[in-house]
Amino acid sequence: MDRRNSLKLGASIVAGMAIVPGLNASEKMPEGQPMESFWDVVLNRRSVRAFKPDPIPEEDLIKIINAARLAPTSGNQQPWKFLIIRDRKKIDALKTEALKGTEAYLRDTRNLSGDELKKQLEKSEASLANGYLSAPAIIVVLTDNNSRYPTYNHWDGPLAAGYMMLAARAMGYGTVFITDSFPEELTKKVFNIPDQYTRVCISPIGIPVEWPKKEKKDLAEFIVNESF
Ligand SMILES: Cc1cc2nc3c(=O)[nH]c(=O)nc-3n(C[C@H](O)[C@H](O)[C@H](O)COP(=O)(O)O)c2cc1C
């Protein structure tokens with residue numbers, strides 16, 4: 001990310017913060033704010049992979065990132081950056097770059113060419129456009145390799161992403177913790193993210209076309225009572 005953009009984003013977020021109620025950790029959400037109960041949020045969050053085009057108000061994005069930055073960290077180091085992408089041109093650039101990888105895979109591993117290759121690529125493009133990249137915004141969660149305790153970043157990063165996803169759910173937005181579907185190198189290249197940062201995940205965010213249902217293992221499978 002070039003420094004100018006980073007400053008611009010920072011400035012716009014700081015400007016936005018002034019108008020966001022409930023931003024301080026100790027402050028309650030204002031009355032009338034749609035806020036589901038903790039248990040509604042936890043029980044109903046599921047990964048979302050298709051979104052309505054409605055834009056997300058800036059203050060909602062800021063509230064969600066505010067929740068993320070309150071996650072615990074080793075030694076309180078708070079090593080994150082949250083890159084917000086709403087520019088459709090940048091989201092399209094991610095699609096173009098991802099499709100280059102798909103094409104290489106289809107050619108070199110699946111040995112496709114000609115019409116068959118074209119057909120598969122069109123399918124992949126539609127699937128990205130109607131799926132992950134139908135979201136009006138993307139948040140890239142990053143950790144700073146120059147943080148105070150960089151060896152702990154791999155715990156601190158996903159914790160913040162988890163908070164972010166739950167906060168988004170509480171506000172009616174869907175997210176998905178993406179890793180390999182958009183590999184780190186690809187994401188960093190397209191969004192011009194400096195080497196200093198490690199990508200934790202990239203998450204599209206938006207109003208879900210529907211809330212998916214996903215079976216989970218039984219609770220009893222997880223509990224070890226006193227000893228194995
Ligand atoms: C470490 C990690 C990596 C993931 N990578 C991807 C990914 O690359 N693409 C994707 O669509 N979902 C990815 N997911 C989302 C999982 O597929 C999803 O969380 C899981 O299937 C459980 O579904 P739920 O989130 O709806 O409960 C990832 C999740 C985690 C925690």
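Because the model is predicted, local features need pLDDT of at least 70 and side-chain atom pairs count only at pLDDT 80 or more, while totals for chains, interfaces and linings use all residues. Residues are numbered from 1 along each chain as its sequence is written. Helices (H or I, at least four residues) and strands (E, at least two) are DSSP runs, numbered from the N terminus.

- The buried residues of α3 are Leu 61, Ile 62, Lys 63, Ile 64, Ile 65, Asn 66, Ala 67 and Ala 68.
- The axes of α3 and helix α6 (residues 153-170) come within 7 Å and cross at roughly 140 degrees (axes are lines fitted to C-alpha atoms, for helices over the stretch in contact, and angles run from 0 to 180 degrees between N-to-C directions).
- That angle makes α3 oblique to α6 (under 35 degrees is roughly parallel, over 145 roughly antiparallel, 65 to 115 roughly perpendicular, and the rest oblique).
- On the α3 side, Lys 63, Ile 64, Ile 65, Ala 67 and Ala 68 meet Ala 160, Tyr 163, Met 164, Ala 167 and Ala 168 of α6 (contact means C-beta atoms, placed from the backbone, within 7 Å).
- By class, this contact of α3 with α6 has 9 nonpolar, no polar and 1 charged residues (Ala, Val, Leu, Ile, Met, Phe, Trp, Tyr, Cys and Pro are nonpolar, Asp, Glu, Lys and Arg charged, and the others, Gly among them, polar).

**Helices α4 and α5**

- The axes of α4 and α5 come within 10 Å and cross at roughly 145 degrees.
- Residues of α4 in the contact include Leu 99 and Leu 106, and those of α5 include Leu 121 and Leu 128.
- By class, the contact of α4 with α5 has 7 nonpolar, 3 polar and 4 charged residues.

**Positive phi in loops**

- Asn 111 has a positive phi of about 55 degrees although it is not a glycine; Asn 111 lies in the loop between α4 (88-108) and α5 (114-130).
- Asn 111 counts as exposed because it has 9 C-beta neighbours inside 10 Å.
- Asn 192, in the loop between α7 (184-190) and β4 (197-206), has a positive phi near 60 degrees.
- Asn 192 is exposed, with 12 other C-beta atoms within 10 Å.

**Ligand shell**

- The residues around the ligand are Arg 46, Ser 47, Arg 49, Val 176, Phe 177, Ile 178, Thr 179, Asp 180, Ser 181 and Lys 214 (C-beta atom, placed from the backbone, within 6 Å of the molecule).
- This shell around the ligand divides into 3 nonpolar, 3 polar and 4 charged residues.

Notes: Buried ≥ 20, exposed ≤ 12 C-beta atoms within 10 Å, placed from the backbone. Contact = placed C-beta atoms within 7 Å.
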